[in-house]
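Please consult the sequence and the model shown here.

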Amino acid sequence: MAKKRQDDAEVVCNVAEQLRPFLVPVNELTPDPANARTHGERNVAAIAASMKRFGQDQLLVVQKAGMVVRKGNGRLEAALRLGWTHVAAIVVDEGSVEATARALADNRASDLASWNDAVLGQLLRS
């Protein structure tokens, strides 16, 4: 877990070095109150385990108005669980309709993906 100073405040996180210019205090972020994607205990635990081992390597997407997390609510919840004070996020200045459409498109795209079982089996065996 990286600890450093930023603007005289201690930063606790494990964020890829390239994403550090995008650090935002987690207490400034609002989870999406209309998030159609749910994150159960198993899901958040898996995200937290991944973030603990590999760090954060993708930006959250945050709507500037209200600092609402539109992409990455599960990662935010996991970061909070890990005690992180900051996450990397890109803040976009767009209206709620466009921000919601962005979030729905992102979640739906991941639903449409599938696993190649043969390749997955090889990867797991290696």
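## Helix crossing

Helix 1 and helix 2 cross in a right-handed manner; a crossing is right-handed if the near helix is turned clockwise from the far one by less than a right angle, and left-handed if anticlockwise.

From helix 1, Glu41, Val44, Ala45, Ile47, Ala48 and Met51 meet Gly74, Arg75, Glu77, Ala78, Ala79 and Arg81 of helix 2, contact meaning heavy atoms within 4.5 Å. Seven of the residues in this contact are nonpolar, one is polar and four are charged; Gly counts as polar, Ala, Val, Ile and Met as nonpolar, and Glu and Arg as charged.

Arg70 lies in strand 6, residues 68-71. Helices (H or I, at least four residues) and strands (E, at least two) are DSSP runs numbered from the N terminus. Arg70 is buried because its relative accessibility is 9%, the limit being under 20% with a 1.4 Å probe and protein chains only.

The side chain of Arg70 forms a polar contact of 3.3 Å with the side chain of Asp32, and another of 3.3 Å with that of Thr100. Such a contact is a pair of N or O atoms within 3.5 Å, one able to donate a hydrogen and the other to accept it; residues adjacent in sequence count only if both atoms are side-chain atoms. Leaving aside residues up to four places away in sequence, the residues touched by Arg70 include Val61, Val62, Gln63, Ser96, Ala99 and Ala103.

## Basis of the values

The model is predicted: local features need pLDDT of at least 70, and side-chain atom pairs count only at pLDDT 80 or more, whereas totals for chains, interfaces and linings use all residues. Residues are numbered from 1 along each chain as its sequence is written, and side-chain values use heavy atoms, leaving out hydrogens and water.

Conventions:
Buried < 20%, exposed > 50% of the residue type's maximum accessible area, 1.4 Å probe, protein only.
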